[in-house]
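Subject: Structure handover

Hello,

Here is the structure we talked about. Please open it alongside this note, which goes through what turned up.

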Amino acid sequence: MRYYELTTTYCILLDSSFFSLSLLFHEIPGENLSTPSSPATARNDCSITPLTPSPSPVFMLPQMACPFSVVVAIDFGTTSSGYAFSFTQDSEAIHMMKRWEGGDPGVANQKSPTCLLLTPDLRFHSFGFAARDFYHDLDPEEARHWLYFDKFKMKIHSTKSQLYITSRTELEAVNGRRVRAIEVFAHALRFFREHALKEVKDQSSSVLEGEEIRWVITVPAVWRQPAKQFMREAAYLAGLVSPDCPEQLLIALEPEAASIYCRKLRLHQVIDLSLQPITNGLDLDGSRPFDSSFRQAREQLRRSRHSRTFLVESGTGELWSELQTGDRYVVADCGGGTVDLTVHQIEQPQGTLKELYKASGGPYGAVGVDLAFEAMLCQIFGEDFIQSFKAKRPAAWVDLTIAFEARKRTASPGRANALNISLPFSFIDFYKRHRGQSVEAALRRSNMNIVKWSSQGMLRLTQEAMNELFQPTIINIVKHIEELMAKPEVHGVRFLFLVGGFAESPMLQRAVQKALGRTCRIIIPHDVGLTILKGAVLFGLDPTVVRVRRCPLTYGVGVLNRFVEGRHPRDKLLIKDGREWCTDILDRFVSVDQSVALGEVVRRSYTPARLGQRKIIINIYCSATDDVTYISDPGIRKCGTITLDLPEPLPLPGAVGGAGAGGAGPERREIRATMQFGDTEIKVTAVDVMSNRSVRASIDFLSN
């Protein structure tokens, strides 16, 4: 661990009367900070003036041994979710969840659909297959009163949603009713908690207390801090852990978790696409490489799943034996909602990971194919009809999406025959009553030749139609990977690991191989849909495995500094107590894309400006670029506030001083604060030197 020492101590000019420490991060809806601040705003936002610092030695934060007996990881996905766990005394064995209630007969369902059902009076009813099947079997009129949520994680995927998500953000059920998003997420996490605890206790020979369990929840690496804290608050509400023990819950980044697991893989546990030549989507002998490879992989998994236990290597796998110091690899997590990319380098001989480029990605997951299918239906039958059908026959709409999901998974390049999508009878009947004509007539009138009609009540999607549905999403994924590979920091990548549920798609595999197969080796784990889940367990067992991360944003505070004629603009001049100050200066804590090792902290010292001052307030700002000087520059956003409440100091005889005093006499009070950026979440601590009392900050990105 290293510490960055500030060369000045800051003086703050605000009052209050409590002793606590809180860091309040929030986004300000509608606030435009790209224009210069008014003098009043500047004085309020930058009430910190530099003084001569008192000596402050650099020290190391101790690494604590893992105090937990078991680690439970929840992979909360857009399309499907699941959990797994491992006992710390037998950390090479990862136990997967038991077979879910419901699901497809004869199939070992290791994950469950991310869908949730609430009763008409907003009580939790069921999750996953049970929710989907119960809702599907409801009478259409009765179903309109129930609240069904599907793929609801997408609500906080967008950048705008992440910035402005709060504890009051709402989700809309299929029937149009709205519920607080944090309650929906808490219901889902509570469901996993109850299932996981029961299974852990069944397999444990001793009685486990709640504080002996470490929980891990996965999130996309591109999520901003408000979205990450939203998941943490939902976990608190669900009762996974108490807010008084925040270290009991870890937020794992999905591609990082996949990377941690992939480093353990043996050669027989992966498919190497680089060894499979393709001609127009087929092997040279005319077979379908992707279909056959994954049939073999699924068969191997099916034979091994009776125990629900996976053994991982104690060291690193054979692929990593080929890597030398400085070699790089990319993990592309292709999920239901997003595609997340991370670039890692394995550090020999300790085997830890170093992030070489900040996480990137976008909303290019498999849901994009679903949305393209819905758009195709709107083009054929009319958008007004589709929206009316979704509102008045919600269970039948869910049935249609399930039918498409099943057929979507079988789509492959070079497929000769069409894919049949069964239309629910209520769809056919509703359309005839709504439009006065048949579904077949609507299809003929649309002139969409790539979609045919079957007399058995099915839409027949030709290969051209499937390409049209898949290609926009796949093109975005390939383009994003290619752009990442072109960056100087990523030059010389040896491996590209495709993970996540969408990575099972032969359509995506072929496109990635065709575009990048000559650049690097493309590796797909056999259990590609469970890679993140198992990696999250390994992360919970050893959170220090990722030693260096890249900071996604520039963070700093607004300060006053001595005004220098000719260097500072005149509109930033502030005269205080006869001295000239430059206001609105951004003092950086860390810069965007800066490498920060786990445990590295940025340390600052502050002092109140007046004797008897009870509160220090420091405004925090962030920017997606490092080319900023003032908090009024374009692209700077106020994202939070550090608040330090102080106890009343002991009176000092003969004490003098005032705001802007030139020296820090014995009456000056020093607050030493540290901010840690090398973890998946920002952590803050502070020490009141006078009382030698250490306080951990509470972090709230969700307040308005």
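Two strands count as paired if DSSP finds at least two bridges between them. Keep that in mind for both sheets below. Please also note that this is a predicted model.

Three strands make up an open sheet here, in the order 9-8-10. Their pairing is antiparallel. Strand 9 (124-127) and strand 10 (147-150) are the edge strands. Each has a single partner strand, so one side of each has no neighbour in the sheet. From one strand to the next, the twist averages 15 degrees.

Strand 8 (residues 115-118) is joined to strand 9 by three bridges, and the two run antiparallel. Look for leucine 117, which stands opposite serine 126 in strand 9. Helix 5 (residues 181-203) lies across strand 8, strand 9 and strand 10. Its direction is at about 65 degrees to strand 9.

**Leucine 237**

Next, go to helix 6 (residues 225-238), where leucine 237 is found. Which residues does leucine 237 touch, leaving out those up to four places away in sequence? They are Ile182, Glu183, Ala186 and Arg190. Leucine 237 and isoleucine 182 are 55 residues apart in sequence. In space, their C-alpha atoms are 8.2 Å apart. Is leucine 237 buried, partly exposed or exposed? Leucine 237 has a relative accessible area of 43%, and is partly exposed.

**Helix 11 and its neighbours**

Helix 11 (residues 383-392) and helix 12 have axes that come within 5 Å. The axes cross at roughly 110 degrees. The two helices are therefore roughly perpendicular to each other, a term that covers angles of 65 to 115 degrees.

The contact has two sides. Helix 11 brings Ile386, Phe389, Lys390, Ala391 and Lys392. Helix 12 brings Pro394, Ala396 and Trp397. Six residues of this contact are nonpolar, none is polar and two are charged.

Which residues of helix 11 are buried? They are Phe385, Ile386, Ser388 and Phe389. Viewed down the axis of helix 11, these buried residues fall within an arc of 165 degrees, so they line one face of the helix. In general, an α-helix has 3.6 residues a turn, so residues three or four places apart point the same way. The buried residues of helix 11 pack against helix 10 (367-381), helix 12 and helix 13 (425-435).

A second open sheet has three strands in the order 20-22-21. Here too the pairing is antiparallel.

Strand 20 pairs with strand 22 (residues 458-461) in the antiparallel sense, over four bridges. Isoleucine 421 stands opposite leucine 459 in strand 22.

Two helices belong in this picture. Helix 12 (residues 394-408) lies across strand 20 and strand 22, and runs at about 165 degrees to strand 20. Helix 15 (residues 463-485) packs on the sheet and touches strand 20, strand 21 and strand 22. The direction of helix 15 makes about 80 degrees with that of strand 22.

**Helix 14**

Helix 14 (residues 439-446) has Val439, Ala441, Ala442 and Leu443 buried. Their cover includes helix 10, helix 13, strand 21 and strand 22. After helix 14 comes asparagine 447, with a positive phi near 55 degrees.

Most residues other than glycine have a negative phi. Aspartate 584 has a positive one, near 70 degrees. Aspartate 584 lies in strand 28 (residues 579-590). With a relative accessible area of 1%, aspartate 584 is buried.

Aspartate 593 also has a positive phi, of about 65 degrees. Aspartate 593 sits in the loop between strand 28 and strand 29 (595-597). Is aspartate 593 buried or exposed? At 16% relative accessibility, aspartate 593 counts as buried, since the cut-off is under 20%.

Best wishes

Methods
Residues are numbered from 1 along each chain as its sequence is written. This is a predicted model: local features need pLDDT of at least 70, side-chain atom pairs count only at pLDDT 80 or more; totals for chains, interfaces and linings use all residues. Side-chain values use heavy atoms; hydrogens and water are left out. Contact means heavy atoms within 4.5 Å. Axes are lines fitted to C-alpha atoms, for helices over the stretch in contact, and angles run from 0 to 180 degrees between N-to-C directions. Angles under 35 degrees count as roughly parallel, over 145 as roughly antiparallel, 65 to 115 as roughly perpendicular and the rest as oblique. Ala, Val, Leu, Ile, Met, Phe, Trp, Tyr, Cys and Pro count as nonpolar, Asp, Glu, Lys and Arg as charged, and the others, Gly among them, as polar. Buried means under 20% relative accessible area, exposed over 50%, partly exposed in between (1.4 Å probe, protein chains only). The arc is that of the directions from the helix axis to the C-beta atoms.
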